[in-house]
Structure formats: structure tokens, C-alpha cells
Amino acid sequence: MHASDPEMALLNARDVFVRRPECTSLWVVLADAIFSKTAQELEEQELGDKGLGDEGVKEESGEVENYYIFYKPKPTGTQTLVGEVPAAAPVEALRLALERFSGDKPPSAWWVLPARRVLVSSPDDIESMFAPAQDKKFRLSTDFHTLTEMRRVKSEFGGQ
Amino acid sequence: MFEKTAESVQEESSEAEKLRLFEARIARGEKIEPGDWMPAEYRRQLIRMISQHAHSEIVGMLPEGAWITRAPSLRRKMILLAKVQDEAGHGQYLYHAAETLGISREEMLAALLEGRAKYASVFNYPTLTWADVGVIGYLVDFAAILNQTMLARCSYGPYARAMVRICAEENFHKKQGQDIVIHLASGTSSQKAMVQDAINRWWWPTLMMFGPHDGESPNTPVLVRWGIKTRTNNDELRQSFVNQIVPELHSLGLSLPDPSLHYNKATGDWIIGEIDWDEFWRVINGHGPCNQERMEARRRAHEEGAWVREALSAYNG
């Protein structure tokens with residue numbers, strides 16, 4: 001999502017990604033705040049030392065802060081929030097995530113991102129941001145009973 | 001005679017190894033993500049495909065957008081607004097997906113506005129009546145669903161994920177169009193004549209959406225191996241569409257503008273007549289009924305929106 005600031009990104013994301021009544025919360029974050037590694041990269045290279053950043057990641061406060069941890073369980077899946085860890089750098093956050101969240105089957109990819117960089121829609125905004133979609137059932141394919149209508153036409157007109 | 005240096009030999013075998021690993025990942029069903037190594041040709045083909053798909057969604061808003069102010073009821077107007085809004089959203093998903101490959105929005109839009117990029121030729125036909133809105137949803141979007149469902153298995157992660165979302169929303173598009181066609185076909189004689197006329201005009205352009213006969217693309221084997229082209233048989237998909245839609249239209253008392261159309265009991269297929277591929281290539285190459293009008297509308301929108309882009313840049317500092 002392209003936008004000039006996080007608030008506009010949130011509004012644009014609502015318009016582009018949340019047109020159907022299925023959302024109660026939306027998060028946006030600048031792409032360069034995300035530190036990501038695939039399972040293959042983790043096999044092939046050592047994670048950097050604590051305190052060292054990584055390519056493309058501009059974020060590094062040096063102080064311990066909360067990082068959100070996402071992983072993709074399998075190559076065809078989507079990134080899913082699995083928890084948070086306190087860390088002083090993205091690399092350290094990923095190292096902690098590998099210890100705490102790996103499980104029996106290593107995920108295919110990981111994201112770590114500083115919680116302070118994420119703009120989350122407010123619970124107070126649920127009504128105005130997402131509730132209007134609830135009434136717009138005409139956006140849903142289930143609102144159109146075409147099978148029933150086709151049967152009606154066939155029985156009325158004896159179609160082929 | 002050119003002699004390879006030790007360095008260039010090493011570089012070539014490194015590239016060959018990278019290609020081997022890349023193709024092995026795809027063969028294992030893994031998704032290629034932004035930042036992963038990929039052959040230059042893979043990147044180029046995806047940029048072309050995804051950006052053209054994005055252009056198609058945006059230009060595709062025009063023929064139906066023309067009927068928003070003329071919808072026959074408030075409910076139909078809201079439904080059509082929602083559909084056209086979806087198409088804008090689809091264009092956004094796809095432009096974003098293409099941008100992850102290193103091309104900018106500005107470059108893609110310039111290619112479209114300067115006539116260097118293509119979009120689905122089916123949108124170069126006019127929408128002459130309200131029935132066209134129904135037929136576009138029922139036929140054109142149904143054909144798009146069949147074409148695009150396969151793309152949800154594309155090897156490039158951002159494109160595959162965008163297609164999952166797009167296909168889900170296209171279902172609504174098809175059903176709202178089918179709903180319109182059912183109501184018109186079972187309505188007054190004028191309504192039925194109107195929808196029959198729309199079927200007559202959109203039938204062949206819809207069949208052309210599945211692409212020329214197979215065997216006409218030399219790039220197919222490598223594109224299939226790379227998971228970019230996820231099906232090899234345009235004709236099979238076209239036949240699947242025909243077999244599903246013809247009986248439905250017949251049951252509504254509607255006919256198809258094809259004197260050769262007949263049912264083959266042995267194969268269970270509805271056999272169509274020969275598609276006019278000259279028309280297909282004429283329209284793709286810019287000589288369709290609405291090519292000029294569509295591009296003028298896009299250029300005008302781009303020019304008139306310049307102040308918005310300037311304001312955003314100024315706000316951004």
C-alpha cells in the first residue's frame with residue numbers, strides 16, 4: 001500500500017483490502033521496518049550478532065523494545081502473528097522467536113517488526129471504519145440466489 | 001575467437017546453480033517472494049503479466065462505470081458501484097504486486113498511457129444497454145474467473161495471494177451479472193430482446209478472452225516450468241466455459257450468435273464455430289470500437305488528477 005503517512009495508509013488499506021464485512025482491526029507498517037528471513041536463508045547463513053542490523057532494515061533503537069513476530073507456516077500460507085518478544089535489535093528478536101515459536105515444523109518464513117512502528121486501528125474506530133460494510137450484503141456473492149432463480153425460470157418456461 | 005576468462009566461467013556456473021536451485025524451489029511448490037533471487041526473464045515476464053492485468057482491471061472500470069448514473073434502480077446502482085469499486089481495488093492489489101518486482105507505478109502508468117502496454121481487449125467493446133452490464137458480469141467475469149483461478153497457483157507469492165482475493169470477489173461480479181440476465185431474460189419482451197442483443201455482441205469477444213489456439217506461443221514450456229503460466233491449454237479452458245454457459249443461456253430462452261454451435265453427444269461438448277482471430281488481433285493492436293475512447297479516458301483522468309499527485313508530494317515534503 002502506497003501512502004504519504006501511516007494514517008492515510010490505514011484509510012487506503014481499508015478501502016482496498018476491507019470492502020467486505022470481515023474485519024475488526026487493521027494494522028499498517030512501513031515495509032522497511034520488517035526484518036524477514038526465509039527458512040532457506042536461515043539454513044544458509046548465521047544470524048548477525050546482537051546489536052548488528054541487517055540489510056534493508058533501518059530500524060534499530062539500541063534499547064530493548066517489543067517486537068511482533070509473524071511467521072508463514074508453509075510456502076503457500078500467509079504471515080500470521082504468533083507473539084511478541086522484547087529485544088534490542090531485529091536480529092535478536094528473530095533469534096528469540098526461533099527459540100520460542102519454532103515448534104516441530106520450522107515455518108517457511110519469518111517477519112519481525114518493532115511494535116512501535118505499527119499503526120493499529122483503534123477499537124473506537126471499528127464502528128466507523130468497518131461497520132458500514134456489515135450492511136452492504138449486496139457485495140457478497142451469497143446475496144444473489146442465482147441457482148434458485150435459474151430453477152424457477154426453468155420450471156416456469158420449460159427451458160432446455 | 002572469444003575466450004572466457006576464469007572469472008566469467010565461475011560467474012556463469014554460479015548463475016546456472018542459482019537457476020537450478022530456483023527451479024527446484026518452484027518444483028517443490030514453494031513461492032518465490034520479493035527479494036528472492038530470480039532469473040531476469042522471470043522478472044520481466046511477471047512484470048509484463050501483472051502490470052497488464054492491473055491495467056485491465058482499471059480500464060475495465062470504464063465500460064460498466066458508464067452505467068452507474070443510468071442503473072434502473074437504487075439497488076442495482078449500489079451493486080454496480082460496489083463492483084466497479086472492486087475492480088479499482090483489484091488494480092491496486094496488482095500494481096502493488098508488480099511494484100515488488102522493481103518497477104514503479106509511474107513506469108507502468110506511462111507504458112499504458114503511451115500505448116506501449118496492453119490490457120484485456122474485451123474492454124475495447126462498448127456497453128450500449130443496461131443488459132450489457134449483466135452480460136459482462138455473467139459471461140466476461142465468469143471467463144475471467146476460469147482464467148484467473150489457475151493464477152492463484154502462480155509461483156510468485158504476491159501475485160498468487162492477490163489472485164486468491166481477486167477470485168473471491170469475482171464470484172460476486174459473476175453472480176450480480178447473472179442475476180441481471182435472469183431478470184431480463186424472464187421479463188418483458190423488450191427486456192428479453194435487450195439481453196439477447198447484448199449476448200449477441202459480447203459472445204465472441206468473451207470467447208477470445210481465453211487466448212489464441214494453443215501452440216502459438218514459443219515461450220510456453222519455460223513459463224510453465226517457472227510456474228508463471230499455470231495452464232497449457234487455452235482451448236480446453238474455453239471448452240469448459242462453453243460447456244457450462246451454453247446450457248444455462250439456453251435454459252433462459254437465450255440463443256448464441258453461432259450458426260455452427262451444436263452438441264456432440266459422444267464427447268458431451270458444445271462445439272462452437274470458428275473464432276474470427278483477425279478481429280482479435282485488430283482489437284489488440286488498437287483498432288477496436290473503443291480503444292481510442294478508453295485511452296482518452298485514462299489520459300484525461302491522469303491529467304485531471306495531476307493536482308492530487310502534486311498535493312500529495314507537497315504534503316510528503
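A salt bridge here is a side-chain nitrogen of Lys or Arg within 4 Å of a carboxyl oxygen of Asp or Glu. I keep that cut-off at hand for the pairs below, and I keep in mind that this is a predicted model.

**Entry 1: a pair across the chain**

I started with B:Arg201 and B:Asp132. Their closest N and O atoms are 2.7 Å apart, so they count as a salt bridge under the 4 Å cut-off. I then looked up where the two partners sit: B:Arg201 is in helix α8 of chain B and B:Asp132 is in helix α6 of chain B. They are 69 residues apart, and the pair links distant parts of the chain. Is B:Asp132 buried or exposed? B:Asp132 is buried, with a relative accessible area of 0%. B:Arg201 is partly exposed, at 24%.

**Entry 2: other salt bridges**

I noted the total: 24 salt bridges over all chains. Next I checked B:Arg44 and B:Glu41, whose side chains meet at 3.0 Å, N to O. Both lie in helix α2 (residues 40–59) of chain B, three residues apart, which is about one turn of the helix. Both are partly exposed: B:Arg44 has a relative accessible area of 45%, and B:Glu41 has 31%.

Then I went to B:Glu30 and B:Arg28, which form a salt bridge at 2.9 Å, N to O. B:Arg28 is exposed, with 56% relative accessible area, because the cut-off for exposed is over 50%.

**Entry 3: chain B as a whole**

I stepped back to look at the overall fold. Chain B has 13 helices and two strands. Its C-alpha trace spans about 80 × 65 × 35 Å along the principal axes. I compared the radius of gyration with the globule rule: for 317 residues a compact globule would come near 20 Å, and chain B has 22 Å, which agrees. Buried residues make up 50% of the chain. Of the contacts between residues at least 6 apart in sequence, 77% join residues at least 24 apart. Chain B exposes about 14,800 Å², and carbon and sulfur atoms supply 55% of that.

**Entry 4: the nonpolar cores**

I looked for the largest nonpolar core and got 55 residues. The members that touch the most others are B:Leu139, B:Trp203, B:Phe241, B:Ile245 and B:Leu252. Several helices each supply at least two residues of this core, including α6 (146–157) of chain A, and α4 (74–99) and α10 (234–251) of chain B. Which helix gives the largest share? That is α6(B), with eleven residues.

I zoomed in on B:Phe241. Leaving aside neighbours within four places in sequence, B:Phe241 is in contact with B:Leu139, B:Phe142, B:Ala143, B:Leu146, B:Trp203, B:Thr206, B:Leu207 and B:Phe210. There is also a second, separate core of 30 residues; B:Ala54, B:Ile103, B:Cys154 and B:Tyr159 are among them.

**Entry 5: a nonpolar patch outside**

Last, I checked the surface. A:Met8, B:Trp307, B:Val308 and B:Leu312 form a nonpolar patch there, with about 390 Å² of accessible area together. Helix α13 (residues 306–316) of chain B gives the largest share of the patch, three residues. B:Trp307 has its place in that helix. I counted B:Trp307 as exposed because its relative accessibility is 61%.

Definitions and conventions
Residues numbered from 1 in each chain as written. Chains lettered and ligands numbered in written order. Predicted model: local features only at pLDDT ≥ 70, side-chain atom pairs only at ≥ 80, totals over all residues. Heavy atoms only, no water. Patch = residues over 30% accessible without salt bridge, like charges linked within 9 Å, V, L, I, M, F, W, Y side chains within 5 Å. Areas by Shrake-Rupley, 256 points an atom, 1.4 Å probe, with all protein chains shown as cover. Helix = DSSP H or I, 4+ residues; strand = E, 2+ residues; numbered from the N terminus. Buried < 20%, exposed > 50% of the residue type's maximum accessible area, 1.4 Å probe, protein only. Core = buried A, V, L, I, M, F, W, Y, C linked by side-chain atoms within 4.5 Å. Contact = heavy atoms within 4.5 Å. Rg over C-alpha atoms; globule rule 2.2 N^0.38 Å.
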